[in-house]
Amino acid sequence: MTAPILTRLRRDATQGAMGRVKFLLAAPALALSAGCVSVSAPDKPIEINLNINIRQEVVVRLQQDVKELIDKNPGVF
Amino acid sequence: MNRRLKLILAAGLGLAVIAGGATVASAMLLQDASAELRSSGQAGEQADGYLGLVGSASADLRAKVDAVNIKRRAYYTDLAAKRGAKIEEVAATTACELLRNKVGAGQFYRLPDGVWRKREGAIALPSYCG
């Protein structure tokens with residue numbers, strides 16, 4: 001037996017409204033996750049090798065860039 | 001408004017609050033994670049440009065150090081590509097700078113000899129640091 005027409009109409013209206021509410025709730029969650037900067041792990045594990053093979057002229061050449069890198073990322077360095 | 005609708009609304013609101021909180025927390029972690037780890041005395045700066053664990057560490061601490069190092073590695077990789085240098089070269093140059101300016105008195109550091117030392121006065125930097 002089918003529900004009377006008025007009952008059916010009322011149910012449809014409620015479900016339509018709920019659909020919209022779900023969408024509205026999903027929107028801020030999407031916006032939040034879009035704002036995050038994702039940092040993915042490298043493929044290989046970070047190896048700790050303290051035997052450093054580097055020439056001083058390379059250090060001198062990179063020094064200014066490195067100073068800026070440190071200043072711009074206080075949490076990481 | 002029926003009960004189910006109210007439930008969905010409440011759940012959505014809860015999710016939004018959790019997501020917002022997580023964003024704030026991760027931003028706070030970023031702000032001075034490295035400095036906090038150094039000052040805790042449980043992690044120190046290494047000559048290879050990464051943070052290392054001084055002695056045994058909890059899983060939580062290890063995760064924090066790993067998180068910082070993964071970000072460092074990403075920055076080193078990026079700069080190395082820009083300047084046509086090796087990742088290790090950028091990392092070692094950064095280490096020179098960090099050892100010179102960021103390791104505070106009483107904080108730990110490790111040079112190529114592999115020994116953890118506490119900073120007292122100036123650090124005897126490796127010769128390549130210039």
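I started with chain A: of its 77 residues, 10% are buried (20 or more other C-beta atoms within 10 Å of a residue's own, with C-beta atoms placed from the backbone). I kept in mind that this is a predicted model, where local features need pLDDT of at least 70, side-chain atom pairs count only at pLDDT 80 or more, and totals for chains, interfaces and linings use all residues. For bookkeeping, residues are numbered from 1 along each chain as its sequence is written, while chains are lettered from A and ligands numbered from 1 in the order in which they are written.

Chain A has 2 helices and 0 strands (DSSP runs numbered from the N terminus, H or I of at least four residues for helices, E of at least two for strands).

Next I moved to chain B and its helix α2, residues 59–83. Its 25 residues reach 36 Å from first C-alpha to last, close to the 36 Å expected at 1.5 Å a residue (1.5 Å times one less than the number of residues). I listed buried residues in α2(B), among them B:Val65, B:Val68, B:Tyr76 and B:Leu79. Just after the helix, B:Gly84 takes a positive phi of about 60 degrees.

How do α2(B) and α3(B) pack, at what angle? I found about 115 degrees, with the axes 8 Å apart (lines fitted to C-alpha atoms over the stretch in contact, angles running from 0 to 180 degrees between N-to-C directions). The two are therefore roughly perpendicular (65 to 115 degrees).

Definitions and conventions:
Buried ≥ 20, exposed ≤ 12 C-beta atoms within 10 Å, placed from the backbone. Parallel < 35°, antiparallel > 145°, perpendicular 65-115°, else oblique.
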